[in-house]
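Thanks for taking a look at this one with me. Please open the sequence and the model side by side, and we can walk through a few places together.

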Amino acid sequence: MLSKFEVLLSEQFKDKIFKAGQDNESLVVEFQEIEKFDTELSDAILETPEECLRAADEALRNVTPADEDTPRITFRVKNLHESNNVAIKNLRSKHIGQFVAVDGIIKQASEVRPEITAATFECKACGQRITILQEEPHLKTPFSCECGNRRGFELVIRKLIDIQRLELEEVPERLDGGAQPRKIGVFLRDDLVDPRFQKKVVPGSKVQITGVLNDAPMKFEMGKETKRRDIYVDANYLESIEIEFEDLEITPDDEKKIKELAKDPKIYDTLVKSIAPSIYGYEEVKLAIALQLFGGVRKVRPDGITTRGDIHIFLVGDPGSGKSQLLKYVTHLAPKARYVVGKSASGAGMTATVVKDEFMRGWALEAGALVLANKGLCAIDELDKMGKEDRSSMHEVMEQQTVTISKANVQATLHAQTTILAAANPKFGRFDAYESIPKQIDLPETLLSRFDLIFPVRDIPDREKDTRLVRHILRLHENPEIQNPPIDSEMLRKYIAYAKSNIKPKLTKIAIKEIELFYVGLRSSASKDGENSAVPIGARQLEALIRLSEASAKIRLADKIAKEDAKRAIDIVTKCLMEVGIDPETGKFDIDRLESGTTSTQRNKLKIILSLVGEMQEESPDKTVLINDVIAAAEDQGIESADEIIQKLKTSGELFEPKQGHIRKV
């Protein structure tokens with residue numbers, strides 16, 4: 001075995017060995033290259049990997065120059081055959097001791113710690129030194145010395161390597177239905193835990209591990225091993241295999257079909273009909289979801305500031321309107337997606353947490369849904385049912401697209417470039433068009449403002465629409481296989497993948513002018529009232545317009561954003577604002593109604609009431625004012641329902657009632 005490896009290394013990989021030695025790296029060899037050289041050797045690696053890898057390491061030492069300054073090179077193997085790639089759920093006792101490949105998502109990563117590989121003990125009686133290789137989980141000491149001494153050995157020299165434990169979770173695409181993903185422990189050693197290699201072992205990364213499957217006792221009872229065994233992988237190599245939209249395999253025929261689709265002038269209508277075809281209607285919402293799947297362009301500026309390209313959408317509306325079904329469809333369409341239900345989700349489950357690592361006796365980082373869906377999509381149903389503390393953890397993810405953890409002794413920043421599609425139900429069951437969104441949904445304004453688009457999904461009785469809807473549902477029940485979308489799911493997935501990986505559209509002067517005219521024109525129309533004027537649209541909506549324009553151009557596979565793309569983005573944003581951002585008292589756009597729940601008209605009324613109370617209490621001997629006097633003075637200034645405003649100011653702590661019927665400013 002040793003001689004075969006020496007011939008293989010000296011004949012096939014002489015240059016690679018020299019480069020690995022210079023770069024202080026391991027020698028990484030393709031399994032197919034070993035198989036071409038000697039099939040018996042490749043079979044031996046699969047069947048008796050530990051013996052073969054030891055022989056390979058020894059052969060490497062023999063063929064490299066003997067120099068103390070030369071770092072030790074380790075032999076590593078990657079890209080096993082598909083037949084040797086075993087799903088975590090399918091690992092059995094027959095695989096123990098074999099060389100296998102395992103795909104999974106890193107769920108947890110421990111700290112890096114040293115481990116003894118060889119220990120030299122000195123006999124206290126005669127001074128003789130005995131070296132023992134440490135291949136067992138527990139430190140092995142000498143049984144006896146040649147002088148007859150059986151105890152009193154002192155550890156004098158030890159050889160250490162670094163070790164790290166990962167917890168690998170099954171990839172979602174290998175799960176059957178709603179099956180629970182299985183997990184397995186993985187141990188990394190030597191250069192696999194080098195700082196330059198650590199970027200591959202961040203929780204949330206999808207990796208392929210090649211290594212030896214081993215077993216260990218599940219626990220010890222009264223100092224004895226139990227019969228039940230746990231399994232783990234001793235990693236020989238780790239490779240990142242992140243499967244995102246961009247990584248889907250697209251054939252030349254697929255590319256030809258995609259380009260034909262993009263040339264179709266009715267492609268946007270075709271996409272709307274192809275997304276969730278079993279759900280009737282909601283054309284505007286489906287178009288927005290199509291643009292969300294294609295996404296904008298992420299930009300990293302020279303000063304380090306990044307602008308996200310992901311489009312976040314929030315659906316709020318009546319029960320039974322199909323919101324959850326839309327979320328489920330999008331989760332199945334995107335190759336890297338997570339579906340989360342608000343009531344059963346915690347802040348740690350959404351972002352990341354630090355957990356006690358029993359193996360390494362330290363703390364380990366465990367990724368949540370938003371980190372695991374990095375460069376993918378996370379669908380959050382019943383967002384309003386999530387706890388306040390848990391929701392607060394989403395603020396950083398939605399804008400900065402990172403998760404910062406500072407717990408125990410772990411300080412880390414994880415990537416979470418995740419697109420969010422969320423849904424919620426109003427507090428009182430049905431959506432009220434005359435009430436602001438923050439008042440209807442128990443969500444903080446800071447979180448709502450981070451969504452690019454907020455769509456009310458309403459169920460309004462309409463004879464013509466209801467007839468079409470009921471016929472559509474009955475037809476689906478009569479023939480469940482009747483769905484024939486213009487673009488099937490597989491082709492749509494490839495279309496999105498092609499656009500995301502190849503198209504990075506840039507703004508043109510005509511598109512910039514169109515967006516500028518809309519933005520400045522809308523704000524100018526509201527600036528006549530000076531400081532008290534309503535803010536119809538803000539900087540976040542401007543960023544949303546750019547992202548939507550970029551997504552629209554991607555659908556056409558265009559490198560430049562045309563005027564029609566800018567107009568399409570403006571139409572979608574305008575429709576959203578028309579539904580949820582109009583002040584019912586003035587009939588004008590007011591972004592504060594959407595983001596804070598208090599329109600500029602209401603805010604001005606609050607200021608007038610506070611001013612009246614302040615002026616009147618200065619003239620009062622006891623510095624208090626009768627509530628009825630304030631209401632009368634407010635009515636003279638044309639303010640109705642002053643009693644409600646006074647109650648609101650009392651709730652917020654601006655006013656208080658020292659005695660019955662009297663108020664004063666705080």
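This is a predicted model: local features need pLDDT of at least 70, side-chain atom pairs count only at pLDDT 80 or more; totals for chains, interfaces and linings use all residues.

1. Which strands pair with β3? One is β8, residues 206-217, which runs antiparallel to β3 and is joined to it by seven bridges.

2. K107 is buried but has no salt bridge. How far away is the nearest side chain of opposite charge? That side chain belongs to E169, and the distance is 4.2 Å. Leaving aside neighbours within four places in sequence, the contacts of K107 are E167, E169, K183, P203, L365, E366, A367 and L372.

3. From β8 you can move on to β11. These two strands run antiparallel and are joined by eleven bridges; within this pairing, I209 stands opposite L238 of β11. Strand β11 also pairs with β7, this time in the parallel sense, over three bridges. An example is V186, whose bridge partner in β11 is V233.

4. Now for the rings: how many aromatic pairs does the structure hold? There are three. One of them is formed by F187 and Y232, with ring centres 5.4 Å apart and planes at 85 degrees, so this pair is edge-to-face. F187 belongs to strand β7 (residues 183-189) and Y232 to strand β11 (residues 229-240), and the pair links these distant parts of the chain, 45 residues apart. F187 has a relative accessibility of 11%, so it counts as buried.

5. F314 and F451 form another aromatic pair, and this one is stacked, at 5.0 Å centre to centre with 25 degrees between the planes. F314 sits in strand β14 (residues 313-317), while F451 is in the loop between α15 (445-448) and β22 (453-457), so the pair ties together parts that lie 137 residues apart in sequence. Are these two residues buried or exposed? F314 is buried at 0% relative accessibility, and F451 is buried with a relative accessible area of 4%.

6. Two charged residues also sit over rings. R568 lies over the face of Y268, 3.5 Å from the ring centre.

7. Finally, please visit L492 in helix α17, residues 489-502. L492 counts as buried, with 1% relative accessibility. Although L492 and L271 are 221 residues apart in sequence, their C-alpha atoms are 8.4 Å apart in space. Setting aside neighbours within four places in sequence, L492 is in contact with L271, I275, Y329, L333 and I487.

Conventions
Residues are numbered from 1 along each chain as its sequence is written. Side-chain values use heavy atoms; hydrogens and water are left out. Two strands pair if DSSP finds at least two bridges between them. Helices (H or I, at least four residues) and strands (E, at least two) are DSSP runs, numbered from the N terminus. Rings of Phe, Tyr and Trp (its six-membered ring) pair if their centres lie within 6.5 Å; planes under 30 degrees apart count as stacked, over 60 as edge-to-face and the rest as tilted. Buried means under 20% relative accessible area, exposed over 50%, partly exposed in between (1.4 Å probe, protein chains only). A charge sits over a ring if NZ of Lys or CZ of Arg is within 6 Å of the ring centre and within 35 degrees of the ring normal. Lys and Arg count as positive and Asp and Glu as negative; His and the chain ends are not counted. A salt bridge is a side-chain nitrogen of Lys or Arg within 4 Å of a carboxyl oxygen of Asp or Glu. Contact means heavy atoms within 4.5 Å.
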